[in-house]
Amino acid sequence: ELGEKLAFIQNSTGGVIGPFDSFLLLRGIKTLGVRLERHVANARVIAAWLHDSPAVKHVYYPGRVDDPGYETNRRQARNGGMMLSFELTEGHDIHKFFRSLHIIVLAESLGGVESLVCHPASMTHASIPKEIRDKTGITEQLIRLSPGIEDADDLLQDLSQAIAASAV
């Protein structure tokens, strides 16, 4: 009788994950710290590399001292995090850039172990009117990147060749 009541609650509320999902969650938590360290390290390396690239107009990464959010981030967090955004300079075709990536995947889902990139203006924020997107910094050239745990040099090489391929 108790099992039937619990099954009903589980089925009607959806608040209980299945046994295999629980196993996967517990297994993933064991390596979470190590994975996050790698994500952050890759984000830091990529942000520095992008900052030095003449093809990049601006890098948004609160782990960099020159970022407007640096002081707030420093007070609230231990590091700059694992997400960054950047804008390519004029003269780069954003669509060619995305098509030219080989390792980094174009996707709206961010935060997996694989490196993912998205174009907020046409993906996550597409329903927001252009005037509002432009006012808030979500330009047509803005790219959001969630570095994964791949080798940093491989990611830099992928970004480098995609930027070169996108030059018009």
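**Reading a predicted model**

Reader: What does Glu1 form with Lys5?
Author: Side chains of opposite charge can pair when their charged atoms come close. Here the closest N and O atoms are 3.6 Å apart, and the cut-off is 4 Å. Glu1 and Lys5 therefore form a salt bridge.

Reader: How many salt bridges does the structure hold?
Author: Among them is the bridge of Arg64 with Asp66, where the closest N and O atoms are 3.1 Å apart. Asp66 is partly exposed, at a relative accessible area of 47%. For the structure, the count of salt bridges is five.

Reader: How far apart are the closest N and O atoms of Lys130 and Asp134?
Author: Lys130 and Asp134 are four residues apart in helix α6, so about one helical turn separates them. Lys130 is partly exposed at 42%, and Asp134 is partly exposed at 37%. They form a salt bridge, and the distance between their closest N and O atoms is 2.8 Å.

Reader: What is the relative accessible area of Ile132?
Author: Ile132 sits in helix α6, which covers residues 130–135. Ile132 is partly exposed, a class that lies between 20% and 50%. The value for Ile132 is 44%.

Reader: Why do the buried residues of α3 line one face of the helix?
Author: Helix α3, residues 32–51, has 20 residues and spans 28 Å from its first C-alpha to its last. Its buried residues are His39, Val40, Asn42, Ala43, Ile46, Ala47 and Leu50. Seen down the axis of α3, they line one face because they fall within an arc of 165°.

Reader: Which exposed residues does the face of α3 turned away from its buried side carry?
Author: The buried residues of α3 are covered by elements including β1, β2, β5 and α7. The face turned away from that buried side carries the exposed residues Val34 and Glu37.

Reader: How many residues of β5 are buried?
Author: From β5, Leu142, Arg144 and Ser146 point one way, while Ile143 and Leu145 point the other way. Both sets are buried. The strand is mostly covered, and the count of buried residues is five of five.

Reader: Which residue of β5 is the bridge partner of Leu84?
Author: Strands β2 and β5 run antiparallel and are joined by four bridges. Strand β4 also pairs with β5 in the antiparallel sense, over three bridges. Val117 has Leu145 as its bridge partner in β5, and the partner of Leu84 in β5 is Leu145.

Reader: At what angle are the ring planes of Phe86 and Phe97?
Author: The structure holds three aromatic pairs. In one of them, the rings of Phe86 and Phe97 have their centres 6.1 Å apart. Planes over 60 degrees apart count as edge-to-face, so this pair is edge-to-face, with its planes at 80°.

Reader: Which residues form one aromatic cluster?
Author: Phe86 in strand β2 and Phe97 in helix α5 are 11 residues apart, and their pair links distant parts of the chain. The rings of Phe97 and Phe98 have their centres 5.5 Å apart and their planes at 70°, so that pair is edge-to-face. Phe97 and Phe98 are both buried. The cluster consists of Phe86, Phe97 and Phe98.

Terms used:
Residues are numbered from 1 along each chain as its sequence is written. Side-chain values use heavy atoms; hydrogens and water are left out. Helices (H or I, at least four residues) and strands (E, at least two) are DSSP runs, numbered from the N terminus. Buried means under 20% relative accessible area, exposed over 50%, partly exposed in between (1.4 Å probe, protein chains only). Rings of Phe, Tyr and Trp (its six-membered ring) pair if their centres lie within 6.5 Å; planes under 30 degrees apart count as stacked, over 60 as edge-to-face and the rest as tilted. The expected span of a helix is 1.5 Å times one less than its number of residues. The arc is that of the directions from the helix axis to the C-beta atoms. Contact means heavy atoms within 4.5 Å. Two strands pair if DSSP finds at least two bridges between them. A salt bridge is a side-chain nitrogen of Lys or Arg within 4 Å of a carboxyl oxygen of Asp or Glu.
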